[in-house]
Amino acid sequence: MNKTSSPTSSPKLISMLLLCILVLPFHHANAQTSLMGGAETLRGEITRQAEDILSNMSLREKIGQLMYIRAHGDYYSVDDPNYLELKKMVEEYHVGGIIFFRGDIYNQALLTNRLQQHARVPLWITQDMEFGAAMRINNTTRITPAMGVAATGNPAWAFEKGRITALEAKAVGVHQVFAPVVDVNNNPNNPVINVRSFSEDPEIVSRFASEFIRGVQSQGVVSTAKHFPGHGDTDTDSHFALPTINHSWDRLNSVELVPFRAAIETGVESVMSAHIAFPAINSEPGRPATLDPKVLDSVLRDSLGFKGIIITDALEMQGIAAHYSPGEALILALEAGADMMLLSPDDYTAINEVEAAVYRGQLPEERIDESVLKLLKWKVDYGLMRRRFVEVNRIPMQVNTRRSQMIADEIARESITLLKNSNDIVPISPDRYPKVSVIMVSNHRGGNTGSSFIRAIRNYHPDVNFHNYDSRTSDAELDQMVAAARSSDLIIVGSVISQNSGRTERYSASQRRFLNRLTGTGKPLALVSFSSPYVVSELPGAQVHMLAWSEGGSQPEAAASALFGASPITATLPITIPNLYQRHSGIHTEKTILRRDLPEVAGMSSEALRRVDTIMQEAVRDSVFPGGVVAIARNGIVTYHNSFGYFDYQKKNPVRTNTIYDLASLTKPMATTAAVMMLYDQGKIQLDDPVSKWISEFDSGDRRNVTIKHLLEHTSGLPAFRTYVDQIKDSGRLMQAIKNEPLINPPGEQTVYSDLGFILLGHIVEQISGTGLSQYLNTNLFYPAGMSDTMFNPQRRGRWVVNRIPPSEIDTVYRNREINADVNDERAYYLGGTAGHAGLFGTAFNVAVFGEILLNGGTYRGREFFKPETVELFTGRHSENQKRGLGFDFKSLSGFTTAGQLASDKTYGHLGFTGTSFWIDPENHVSITILTNRTFPYRSNARAINRIRADVADAVINAIND
């Protein structure tokens with residue numbers, strides 16, 4: 001024992017550290033090696049160097065190496081008191097490492113480097129990262145809590161969670177993550193573990209925790225299993241008091257210890273102790289496990305065979321600090337077998353008291369040496385003697401990358417758990433529930449609760465009102481929420497009851513009264529829990545119970561996606577919710593609608609799709625059109641949805657992705673042809689039916705031979721168009737003139753693209769259906785499919801819709817004004833704005849929905865709009881000589897085509913005069929929608945639109961990489 005050692009490091013110690021830097025390569029002893037002898041030699045070298053460093057440390061330095069102090073990843077000036085305190089602890093008290101709390105990526109990395117500069121022995125950096133680095137570091141990848149990961153049923157996701165967590169931890173200089181929680185959460189009233197645990201089943205916890213540990217340690221980062229010997233079955237929070245678990249040894253051995261045993265067998269390198277009393281195994285009554293050698297030495301090391309490093313939970317927690325002085329806690333922890341001491345409530349006092357205990361012979365210095373040597377071997381083994389500083393320039397390549405976010409998103413989607421679904425409310429359909437109230441219930445005060453959730457919901461539903469009930473909400477505001485709920489068709493309650501230490505997760509009395517008022521409205525109610533799964537038991541009368549596990553990261557979007565059918569629901573419950581749901585409960589639903597997601601999810605390249613940006617930006621620059629929107633959907637995913645330019649060339653009103661365009665001739669396939677297909681499926685119309693069956697004017701001459709198929713294929717013999725409106729502006733007279741229009745060719749002989757034929761088709765649809773074309777499509781297609789922004793006569797919807805529509809032209813011939821929110825086509829305008837050839841308005845996303853219906857063989861939102869064979873009949877190329885489909889155009893098999901050169905020969909779609917188009921390639925399962933107002937200010941403008949269409953199509957097909 002060196003009683004006279006100086007608190008200042010000796011020159012020999014500094015020399016030893018320099019030697020380590022020069023001779024020891026960056027290596028981890030657990031790495032694979034082809035020669036066992038080489039591995040043994042390396043371990044021996046690690047031990048020798050660690051022993052050399054230890055031998056040149058003073059007692060006070062060694063005590064300091066056991067201590068791990070708090071820091072925040074914030075910016076600090078050189079004279080900031082917080083920074084100076086950290087610097088003092090590093091320089092003068094030689095603390096072994098840092099445990100970082102909340103902060104930012106670069107601030108934490110830079111602070112790590114600054115503190116490492118002041119450390120004689122490199123600092124070991126640690127951090128809590130139970131749900132990814134984002135638990136503590138802003139703008140990193142946040143991953144579903146453990147219980148949600150277990151709900152997926154896929155342990156591989158636990159590995160990926162661990163791998164991504166460690167990858168990002170290592171990138172910012174963290175050597176050890178305090179995760180996973182391997183506690184068995186078998187007490188619903190547990191105030192501190194809850195969703196941090198994987199399950200109530202020790203076998204499930206074991207499987208998922210082991211995979212998480214493998215994932216972390218695959219990246220050369222230390223994983224920590226916590227909280228030994230188990231914190232799951234307590235209703236007391238050790239942050240505030242000392243919990244006691246009164247179970248027998250047999251019970252502990254068969255439940256609580258099972259996941260720890262599995263973690264040790266997996267190779268976990270550290271275990272964190274719990275500040276909990278276990279009378280069945282404690283050496284004396286009321287002794288916390290952290291301070292009890294019978295728990296740490298006898299059980300953890302001897303019985304379970306753990307050879308790694310034992311870490312105390314924070315010693316400032318009241319389970320310890322309320323009963324022991326800072327120094328006493330450290331001494332007892334060392335005597336119990338702990339190695340790393342986290343967050344003493346008073347580092348100075350603790351160090352002084354431990355030093356005094358050594359000098360008076362109470363604590364052998366050899367016990368300190370034992371733990372310090374382990375910690376030094378870690379530092380040597382993990383390369384800190386060679387490379388202690390964070391490579392800041394590499395952070396963007398490793399933190400929150402697209403690949404990591406894609407995995408986090410998928411885990412989130414697969415974690416969403418549906419426990420109750422009365423009347424098949426989920427997936428929610430806007431036509432069934434036209435108006436929705438979303439109310440977030442939380443105990444927050446920030447005001448932003450639910451903001452991500454409501455943004456996501458509004459991607460799927462056009463009429464949603466949103467309210468936030470938190471600790472600031474007044475009684476008058478609650479009354480307004482109830483009134484809004486009463487006037488809605490469906491209520492969605494998002495529950496965000498924070499997992500606060502010191503209290504169980506249950507609604508307050510006022511929250512329960514409010515929820516009872518909502519159920520009293522008689523409207524169906526869906527409860528989505530973004531925190532504790534057990535809160536559903538307090539609203540058993542809700543028609544929907546859904547678990548989303550957390551309000552952070554990808555969970556809100558995943559919950560909204562699942563609610564509306566944009567993602568399948570496949571998860572099952574990894575716990576029991578007393579009196580309601582057993583473990584493994586779960587209702588499964590299918591994906592029924594499009595979802596916005598990263599291109600890579602659908603087998604496309606984000607980088608390659610940037611070519612579309614360039615094409616559209618150059619087109620706007622060259623005044624091909626003032627602005628436009630492009631939407632690309634593949635494999636059920638909207639992979640690209642961007643807007644460009646402005647409403648007009650004054651450039652004051654930018655185009656948004658929800659901008660509504662005059663679709664022009666896209667009306668033909670999306671409205672008239674679609675209506676014919678539905679009527680065809682119902683047996684109300686046949687392709688060989690003569691037009692004269694509904695239009696008597698065709699019951700003579702060659703016109704008697706014109707069929708519905710002729711009109712769809714543009715082979716009726718009718719001319720392309722006639723002006724008419726220079727003399728006729730009355731809708732009745734105009735329609736009569738079209739009915740009387742003579743043929744220019746015998747039916748079936750030539751293909752002449754004809755607006756007149758589709759005007760007549762629209763008229764026939766109205767006669768068969770007994771209602772207007774617009775009403776028929778709204779009822780049978782647009783509303784049920786969620787295409788709420790697809791419409792005729794948008795000015796009737798009000799200013800909110802009109803303000804989203806760019807002008808299509810300045811008409812100097814017939815209307816002598818700017819055409820805005822009225823159909824551009826003159827004949828459609830004078831026919832009342834609704835016609836079979838033109839008049840439809842819509843968004844790019846809605847056009848993509850129509851494309852998805854066709855790609856799905858006629859099904860969308862779980863509803864069959866067209867039979868699969870009907871889709872194939874109308875869109876398929878059934879002979880090489882067939883120039884057009886039934887209501888659809890085909891990609892040209894030779895020469896230039898606006899569908900591009902790379903799309904398959906089965907590609908079909910349509911163009912619109914105003915600068916709109918969509919192409920659908922069934923072989924590549926992709927749809928490409930382009931909406932512009934290229935006719936503004938004058939229709940003679942921008943013939944280059946066809947080149948743009950082709951270039952975009954080729955860029956899209958070229959971006960497919962699967």
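**Overall architecture, cores and pockets of the predicted model**

The protein contains 32 helices and 29 strands, where helices (H or I, at least four residues) and strands (E, at least two) are DSSP runs numbered from the N terminus. The structure is a predicted model, in which local features need pLDDT of at least 70 and side-chain atom pairs count only at pLDDT 80 or more, while totals for chains, interfaces and linings use all residues. Residues are numbered from 1 along each chain as its sequence is written, and side-chain values use heavy atoms, with hydrogens and water left out.

The pLDDT, the predictor's confidence in each residue from 0 to 100, averages 93 over the protein, and 95% of the residues score at least 70. Over residues 1–35 pLDDT stays under 50. For residues 1–35 the model has 59 contacts beyond four places in sequence, a contact being heavy atoms within 4.5 Å. Where pLDDT is low, the predicted coordinates should not be read in detail.

Along its principal axes the C-alpha trace spans about 120 × 60 × 50 Å. Of the 962 residues, 62% count as buried (buried means under 20% relative accessible area, exposed over 50%, partly exposed in between, with a 1.4 Å probe and protein chains only). Among contacts between residues at least 6 apart in sequence, 74% join residues at least 24 apart.

The largest nonpolar core has 129 residues; such a core is a set of buried Ala, Val, Leu, Ile, Met, Phe, Trp, Tyr and Cys residues joined through side-chain atoms within 4.5 Å. Within this core, Phe-198, Phe-228, Met-340, Met-341, Leu-342 and Ile-368 touch the most other members. Not counting residues up to four places away in sequence, Leu-342 touches Tyr-68, Ile-99, Phe-178, Met-272, Ile-311, Thr-312, Asp-313, Ala-314 and Leu-315. A second, separate core of 120 residues includes Ala-526, Val-801, Val-871 and Ile-920.

Leu-343 and Ser-344 both belong to the loop between strand E9 (341–342) and helix H14 (347–359). Leu-343 has a positive phi of about 55° although it is not a glycine, and at 6% relative accessibility Leu-343 counts as buried. Ser-344 is also buried, with a relative accessible area of 7%. Apart from neighbours within four places in sequence, Ser-344 is in contact with Met-67, Leu-315, Pro-326, Leu-330 and Ala-350.

A positive phi of about 55° is also found at His-94, again not a glycine. His-94 lies in the loop between helix H4 (81–91) and strand E2 (97–104) and is buried at 6% relative accessibility. Two cis peptide bonds can be described as well. One joins Phe-228 and Pro-229, with omega about 0°; Pro-229 lies in the loop between strand E6 (222–228) and helix H9 (249–254). Another runs from Phe-936 to Pro-937, with omega near 0°, and Pro-937 is placed in the loop between strand E29 (926–932) and helix H32 (945–958). Most residues other than glycine have a negative phi, and most peptide bonds are trans.

Ala-664 sits in the loop between strand E19 (661–662) and helix H23 (667–681) and is buried, with a relative accessible area of 7%. Ala-664 and Ala-838 are 174 residues apart in sequence but 4.9 Å apart in space, C-alpha to C-alpha. Beyond four places in sequence, the contacts of Ala-664 include His-837, Ala-838, Gly-839, Leu-840 and Thr-914.

Helix H27 (residues 773–782) is mostly covered, with seven of its 10 residues buried. The buried residues of H27 pack against H23, helix H26 (755–769), strand E20 (791–792), strand E23 (840–842) and H30.

The second largest pocket holds about 790 Å³ of space. On a 1 Å grid over the protein atoms alone, a cavity is a set of points where a 1.4 Å probe fits but cannot get out, and a pocket is an open set with protein on both sides within 12 Å along at least five of seven lines; lining residues have an atom within 4 Å of a point. Grid points are joined across faces, edges and corners, and a volume is the space filled by probe spheres set on the points. Of the 33 residues lining this pocket, His-461, Pro-462, Gly-786, Ser-788 and Asp-789 are the closest to its centre. Helix H28 (799–802) and helix H30 (844–855) are the elements that give two or more residues to the lining.
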